[in-house]
Amino acid sequence: MPELAWGHRFLMCPPLHFGVLYEINPWMHREVTVDRDRAREQWEQLVANIRSAGAEVDTMEAREHVPDLVFTANAGLLDAASNVFVPSNFRHPERQPETAVFSEWFAASGWDVTRLPEDLDHEGAGDALPFGGALLSGYRPRSDVAAGPVISKLLNVPVRTVELVDERLYHVDLTFCPLDDRRALCAPIGWDTYGRKVVDALVPEPLWLEDDEALSFCANSVVIGTTIVMPSTPPRVGRQLEAWGYTVVESRVDEFLKAGGGCRCLTLALDVSLGGHCQAD
C-alpha cells in the first residue's frame with residue numbers, strides 16, 4: 001500500500017493557556033469551562049500516540065495571550081523542499097496575534113518566512129491539505145478564495161479550491177483527510193456541488209463520510225504511514241479503514257472539541273514537500 005510521503009514530523013504546542021475565551025465558530029461557547037488538567041493529559045496522550053506510530057514531534061512554547069496557539073495546524077503552509085513557510089493571515093482578530101508568534105518560531109528554526117498580502121485571509125494547513133500533487137484549499141468561513149492563486153505562486157503548487165458551506169465544518173481539515181496516494185476521508189456535507197466534483201476528480205478512492213460521521217470530526221485525524229490517530233471512530237469508517245490495511249488508534253481530545261478542534265488541528269506536519277506546475281482554479 002503506497003503511504004503518504006509526509007506525516008512523520010509534526011509541530012505541536014502544549015495547552016498551558018488553552019481555554020474557550022471567545023466564540024468564533026459554532027462549537028465555541030464561553031460558558032463552557034475547559035478542564036486544563038484533562039486537556040494536558042489528552043494532549044500528552046496524543047503526542048505519545050503519534051510518537052508510537054513512528055513520527056517525531058517538535059514542540060513550541062505556549063503563550064498566554066494566544067490560547068488557540070495549541071492548534072498548530074493553523075500556523076501556515078510550508079514546503080520542506082524549498083524551506084519556505086507562509087504564515088496564516090487569520091480572519092478573526094482574536095487569533096491574529098498568532099501570526100507573529102508562529103513566524104518567529106519558524107524564522108528561528110531556519111525557515112524562509114514569506115508573508116501573504118495583508119488583505120488576504122488564509123488559515124494555513126487547517127484550510128489546505130496536499131493530495132495528488134495539489135493543495136485542496138477551503139474558502140469562505142476563514143479563508144479567501146483569492147488566496148488560492150497567491151499560495152500557488154508562493155509554494156509552486158497547483159491549488160484546487162472548494163467552498164465550505166456548513167459553518168460547523170469551518171476548515172477544510174474537518175472535511176478532508178488524505179490517507180495515501182489514492183485514498184482520503186471525504187465529507188461531502190462540507191462542500192457545495194462544485195467542490196464535491198473537485199474532490200471526486202482528485203481522489204481515486206474516496207471514503208465518503210455520512211453526515212453524522214463527518215460531524216464526529218473523524219476526518220480531523222493524523223495519518224502516520226498506515227496508522228491513523230483519530231479523535232473518534234465511527235464503526236463503519238473503522239471497518240473500512242481496517243479492511244484497507246490501516247491501524248486505527250483512537251485518541252480522545254474532548255477538551256479541544258469544545259473549541260472546535262480535533263487531532264489534526266493540534267498538529268502541523270513539518271515534512272510536507274510541495275512543488276509543481278503553478279495552476280490554480
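The model is predicted, so some limits apply: local features need pLDDT of at least 70, side-chain atom pairs count only at pLDDT 80 or more, and totals for chains, interfaces and linings use all residues. Residues are numbered from 1 along each chain as its sequence is written, and side-chain values use heavy atoms, with hydrogens and water left out.

To begin with the overall picture, the chain contains seven helices and 15 strands. Here helices (H or I, at least four residues) and strands (E, at least two) are DSSP runs, numbered from the N terminus. The C-alpha trace spans about 45 × 40 × 35 Å along its principal axes. A compact globule of 281 residues would have a radius of gyration near 19 Å, and the chain, at 17 Å, agrees with that. This radius is taken over C-alpha atoms, and the globule rule is 2.2 Å times the number of residues to the power 0.38.

Strand S1 (residues 9-12) meets S15 in the antiparallel sense, over two bridges, and Phe-10 stands opposite Ala-269 in S15. Contact means heavy atoms within 4.5 Å. Axes are lines fitted to C-alpha atoms, for helices over the stretch in contact, and angles run from 0 to 180 degrees between N-to-C directions.

Another open sheet of three strands, also with mixed pairing, runs in the order S3-S4-S5. S3 and strand S5 (112-113) are its edges; each has a single partner strand, so one side of each is left without a neighbour in the sheet. Strand S4 (residues 84-87) and S5 run parallel and are joined by two bridges, with Asp-112 in S5 as the bridge partner of Val-84. Helix H2 (residues 98-108) packs on the sheet, touching S3, S4 and S5, and its direction makes about 170° with that of S4. Helix H3 (residues 147-155), meanwhile, lies across S3 and S4 at about 30° to S3.

Leaving aside residues up to four places away in sequence, Asp-144 touches Arg-91, Asp-119, Leu-120, Asp-121 and Tyr-139. Asp-119 is 25 residues from Asp-144 in sequence, and the two are 9.5 Å apart in space, C-alpha to C-alpha.

On a 1 Å grid over the protein atoms alone, a cavity is a set of points where a 1.4 Å probe fits but cannot get out, while a pocket is an open set with protein on both sides within 12 Å along at least five of seven lines; lining residues have an atom within 4 Å of a point. Grid points are joined across faces, edges and corners, and a volume is the space filled by probe spheres set on the points.

The structure has three cavities of 30 Å³ or more. The largest cavity has a volume of about 150 Å³ and is lined by 17 residues, with Ala-125, Ala-128, Leu-129, Leu-268 and Val-272 nearest its centre. Strands S3 (76-79), S6 (128-131) and S15 (268-269) each give at least two residues to the lining of the largest cavity. That lining divides into 14 nonpolar, two polar and one charged, where Ala, Val, Leu, Ile, Met, Phe, Trp, Tyr, Cys and Pro count as nonpolar, Asp, Glu, Lys and Arg as charged, and the others, Gly among them, as polar.

The second largest cavity has a volume of about 70 Å³, and its lining has five nonpolar, five polar and three charged residues. The largest pocket has a volume of about 260 Å³. Of its 16 lining residues, Trp-6, Pro-130, Phe-131, Gly-133 and Ser-273 are the closest to its centre.

Key: Pairing = 2+ DSSP bridges.
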